[in-house]
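Please open the model in a viewer and keep the selection panel at hand. The stops below are given in the order in which they may be selected.

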Amino acid sequence: AGSGGRVVVSNVNIGTGARTWEAWVYCKENNGWNTFCDSGNERPLIGCLGDQLRVYPDSTNHYTMTPNTWNHVVVAFASDSDYDVFVNGDRVTTAQNYSSNQVTGTRDIWLGGDTGGESLNGYISIARVYTK
């Protein structure tokens, strides 16, 4: 995607409460912030700060991402206030207390950044959001 590359998926009904965010991601570097999925209002925003996988606005480091490798990332919200994180099929975080509330309803979903300062130096494949 690079610093200017991003995809917007319009009018996605992401519902409320329990939902799962999933993507295959490949980061070419681990400098700065690399955005995988953004709900349109950063609640959640899933990506890496440096080499650390995060679910913004939380500051918890869930996994150390190695650059130049494909990783399967799943963030499964049991409710608006707790989530699990899986990387490559392994649960790396259980019942993390979410410091915010997820956005709800029908909205645009951003992959690889937004129209602001977010970006991704890498690739995204098979990105999904669904109720579990």
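Select Pro57, which lies in the loop between S5 and strand S6 (63–64); strands are DSSP runs of E of at least two residues, numbered from the N terminus. The bond from Tyr56 to Pro57 is a cis peptide, with omega about 10°. This is a predicted model, in which local features need pLDDT of at least 70, side-chain atom pairs count only at pLDDT 80 or more, and totals for chains, interfaces and linings use all residues. Residues are numbered from 1 along each chain as its sequence is written, and side-chain values use heavy atoms, with hydrogens and water left out.

Next, select Arg54, in strand S5 (residues 52–56). What does the side chain of Arg54 reach at 3.5 Å? It reaches the backbone oxygen of Ser59.

Move to Pro44, in the loop between strand S3 (33–38) and strand S4 (45–49). A cis peptide bond joins Arg43 to Pro44, again with omega about 10°.

Finish with two residues of positive phi. Asn11, in strand S1 (residues 7–13), is not a glycine but has a phi of about 55°. Asn88, in the loop between strands S8 (82–87) and S9 (90–97), is also a residue other than glycine, and its phi is near 55°.

Technical notes. Helices (H or I, at least four residues) and strands (E, at least two) are DSSP runs, numbered from the N terminus. A polar contact is a pair of N or O atoms within 3.5 Å; within protein, one must be able to donate a hydrogen and the other to accept it, and residues adjacent in sequence count only if both atoms are side-chain atoms.
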